[in-house]
Structures are given as C-alpha cells and as structure tokens.
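Student: I have a model open and want to go through it piece by piece. Can we start with the ligand site and then move on to the sheet?

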Amino acid sequence: MNKILDGKTALITGSSQGIGKALAIGFAKLGANIIITGRNRENMEKTLKQVEEQGVEGIIAPGNVQNYSEVQNVIAIGKEKFAHIDILINNAGFSRLKPIHKMRVEQFEDILKTNVLGVYNFSHALVPHMMEIGGGSIINTGSAIINSPGPRWSAYSMSKTALLGFTESLGIELKGNSINVNTIMPGAVNTPLFRMGMTEDMIKAIGPMAPEDLVPFYAFFASDLGKKVTGLNVDMDICKSVIEMEKNLEPNQEVSWSELKEIAKEKFKPESFKKAKKYRKLINFLLQYK
Ligand SMILES: NC(=O)c1ccc[n+]([C@@H]2O[C@H](COP(=O)([O-])OP(=O)(O)OC[C@H]3O[C@@H](n4cnc5c(N)ncnc54)[C@H](OP(=O)(O)O)[C@@H]3O)[C@@H](O)[C@H]2O)c1
C-alpha cells in the first residue's frame with residue numbers, strides 16, 4: 001500500500017500503548033506525522049521511537065482526556081509543531097468490569113469521563129481548527145461488546161453505546177465542512193487492557209486480533225479515499241466475514257464488493273447485509289490492502 005497518509009498529521013489519543021500505539025506506528029508507515037498523547041511518558045517515548053523509525057516526525061503531548069484544558073494544551077503542542085492536524089483518533093479508553101452493586105459511582109464516572117467526555121473534549125477542541133484548514137477526519141474507537149450483552153459490562157457498554165449517536169449526528173453536522181466522523185468497533189484485541197487478569201490459555205481460547213490488524217480500518221477513513229464516507233459505526237466482524245467470502249470465488253478473480261455481494265446476501269441475515277452494503281467502500285479498500 002503506498003503512502004496514502006503522506007503529508008497528513010494524526011493526533012491519536014491513547015497512543016502510549018495498545019491499539020493507539022499500533023495505529024501510531026501503522027499511520028507513520030503510511031506517511032503521516034504523529035502527535036502521541038496519553039499519560040505515561042515512558043510508554044509515549046517508546047511509541048515515539050518506533051514512529052520516527054518509519055521516517056516521519058512525531059511529538060509527545062501528554063494529557064488526560066478528561067480535562068479540557070489539558071486537551072487544549074495537547075492540541076496547541078501539535079499545532080505548534082505541525083501547523084495542521086488533519087486526523088483525530090479518539091481512542092483512549094478503558095473498561096472496568098463489575099456488577100452494578102459492586103461498582104462505585106466514582107468508578108462509573110471515571111469510565112464515562114474517559115470514554116465519552118474524552119471523545120467530546122477532543123472533538124470539541126479540534127473541530128474549529130479542522131474547519132479552518134478546510135477539513136479533517138475524526139475516527140473513534142468503539143467496541144463490538146455493545147452487540148453482545150453480558151453481565152458486568154453494563155457501564156463500559158453504556159459508554160461505548162454513546163458513540164453510536166454521536167458519530168451519526170456529528171457525521172451529518174460536519175459533512176458540509178469536509179470533516180468525516182466514523183467509529184470502528186473492534187471485538188477482542190490483544191493489548192495490555194485485554195490481557196489484564198488473563199492467563200495465556202485464556203487468551204489463546206479467545207483468539208484476539210493483533211492491534212496492527214486494525215490499521216487499515218482506520219487508515220481508510222483518514223485517507224482521501226474515505227473522505228466522503230461519514231457517520232458509520234463499523235462492525236468489524238461483518239467486514240471480516242465479507243472478506244472471508246473471497247474464498248468462495250475462483251482464485252485470481254479480481255475481487256470487490258460487487259463480486260461478493262450475492263454471497264453476502266445469501267449468507268447474512270438482512271440486518272447484517274444492510275450494514276455490509278453501507279461498508280462497501282471500506283470493504284473494497286480492505287480487499288486491496290491485503
Ligand atoms: N483491547 C480490546 O479488546 C478492545 C476491544 C474493543 C475496544 N477497545 C477500546 O480500544 C481503546 C484502546 O484500548 P486498548 O485495548 O488499547 O487499551 P490499553 O492498552 O489499556 O490502552 C489504553 C490507552 O488509553 C490511554 N488512556 C486511558 N485513559 C486515559 C485518560 N484518562 N487520559 C489519557 N489517556 C488515557 C492510555 O494511556 P496512559 O496509560 O498513558 O494514560 C493508553 O494509551 C479503548 O477505547 C478501548 O475501550 C479495546
């Protein structure tokens with residue numbers, strides 16, 4: 001894949017480790033300069049080193065996403081270094097799994113302040129700049145857990161469900177400003193957050209995605225190829241299932257959504273097929289990216 005993010009600057013929250021770190025390195029490989037933000041300085045230094053190894057520039061701008069003045073400071077550091085910030089990835093987040101009667105209200109507030117207020121803070125503080133420079137991309141990290149209800153997930157699930165309406169409404173609102181807004185909803189991803197309290201056997205049994213495998217999903221929306229696609233909450237499992245359907249075709253056949261859609265229509269429930277149709281441009285990109 002050529003350098004589809006060349007000349008762009010991406011601010012990635014939660015890029016000190018896990019998914020955000022993988023996105024920072026992956027976006028750097030695609031040519032973007034990176035603003036690394038989080039709270040753990042030592043981890044951010046490690047991300048910076050790997051970003052710079054890709055031949056682009058990076059900068060560390062520490063801050064807590066819950067705190068609006070710290071968020072403004074992160075953006076000011078990024079603007080001073082790169083003059084323009086074209087991509088915002090609202091990825092910082094965490095889960096604390098507890099039954100409701102064991103969750104303290106302050107713990108619940110902490111989840112909401114990071115996973116919801118944090119997304120709003122960065123979007124609110126950066127949209128005026130994106131309007132000024134003539135456009136941009138906002139991509140949030142949601143979670144597929146909202147489609148698999150279960151005990152102990154209620155607070156986290158509530159926080160990630162909030163992104164659905166935010167994405168759809170802000171996508172419409174900012175269309176005229178050439179700013180696209182989308183949310184990627186991963187299932188299990190092998191990160192420090194996911195590994196917490198898990199044994200190697202448990203991890204193997206779940207079979208999480210590698211964080212690096214998320215890069216093309218985000219890169220599509222951040223690149224000029226996905227600029228006009230907005231307001232989507234992307235169910236990654238549906239995209240992955242469509243791509244798997246390639247195996248049903250003759251080898252060497254050129255594959256795009258057009259070739260796969262009849263198979264998808266047959267195999268998916270109508271609701272999932274409807275979603276797959278909405279993701280068709282992303283699916284075409286993912287088919288080429290492999
Ligand atoms: N891993 C999964 O299976 C999975 C699945 C679906 C969705 N997700 C979502 O993916 C995102 C990243 O998760 P991950 O698995 O990569 O977790 P992780 O390894 O724990 O990384 C979380 C990142 O978020 C940052 N962060 C957390 N709270 C923050 C705050 N208040 N202010 C600033 N930065 C903060 C952390 O930075 P510092 O430590 O430097 O503060 C860290 O860089 C989250 O939104 C999570 O909900 C994860």
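Tutor: First a definition: a residue is near a molecule or strand if its C-beta atom, placed from the backbone, lies within 6 Å of it. This is a predicted model, where local features need pLDDT of at least 70 and side-chain atom pairs count only at pLDDT 80 or more, while totals for chains, interfaces and linings use all residues. Residues are numbered from 1 along each chain as its sequence is written.

Student: How many residues surround the ligand, and which are the closest?

Tutor: The ligand is surrounded by 29 residues, and G14, G18, G38, G93 and L193 are the closest.

Student: What is the shell made of, by class?

Tutor: There are 10 nonpolar, 18 polar and 1 charged residues in the shell around the ligand. Nonpolar means Ala, Val, Leu, Ile, Met, Phe, Trp, Tyr, Cys and Pro; Asp, Glu, Lys and Arg are charged; the others, Gly among them, are polar.

Student: Which helices each supply at least two residues of that shell?

Tutor: α1 (18–29) and α6 (192–195) do. Helices (H or I, at least four residues) and strands (E, at least two) are DSSP runs, numbered from the N terminus.

Student: OK, the sheet. What is the strand order?

Tutor: The order is β3-β2-β1-β4-β5-β6-β7, an open sheet of 7 strands with parallel pairing. Two strands pair if DSSP finds at least two bridges between them. β3 (58–60) and β7 are the edge strands, each pairing on one side only.

Student: What is the angle between neighbouring strands, on average?

Tutor: Neighbouring strands are turned by 20 degrees against each other on average, direction ignored. The axes are lines fitted to C-alpha atoms, for helices over the stretch in contact, and angles run from 0 to 180 degrees between N-to-C directions.

Student: How many bridges are there between β2 and β3?

Tutor: β2 (33–37) pairs with β3 over 3 bridges, in the parallel sense. I36 has I60 in β3 as its bridge partner.

Student: And what does β4 pair with?

Tutor: β1 (9–13) pairs with β4 in the parallel sense over 3 bridges, and A10 stands opposite I87 in β4. β4 also runs parallel to β5 (136–141), joined by 4 bridges, with I139 in β5 as the bridge partner of I89.

Student: Are the faces of β4 covered or exposed?

Tutor: Both faces of β4 (87–90) are covered: I87 and I89 on one side, L88 and N90 on the other, are all buried. Buried means 20 or more other C-beta atoms within 10 Å of the residue's own, exposed 12 or fewer, partly exposed in between, with C-beta atoms placed from the backbone.

Student: How many residues of β6 are buried?

Tutor: 7 of the 7 residues of β6 (179–185) are buried, so the strand is largely enclosed by the rest of the structure. I179, V181, T183 and M185 lie on one side and N180, N182 and I184 on the other.

Student: Switching to M236: where is it, and what does it touch?

Tutor: M236 is in helix α9. M236 touches A144, I184, M185, P186, G187 and F217, leaving out residues up to four places away in sequence. Contact means C-beta atoms, placed from the backbone, within 7 Å.

Student: Last one: which residues of α12 are buried?

Tutor: L282, I283 and F285 are buried in α12 (280–289). Seen down the axis of α12, they fall within an arc of 160 degrees, so they line one face of the helix; the arc is that of the directions from the helix axis to the C-beta atoms.

Technical notes. Two residues are in contact if their C-beta atoms, placed from the backbone, lie within 7 Å.
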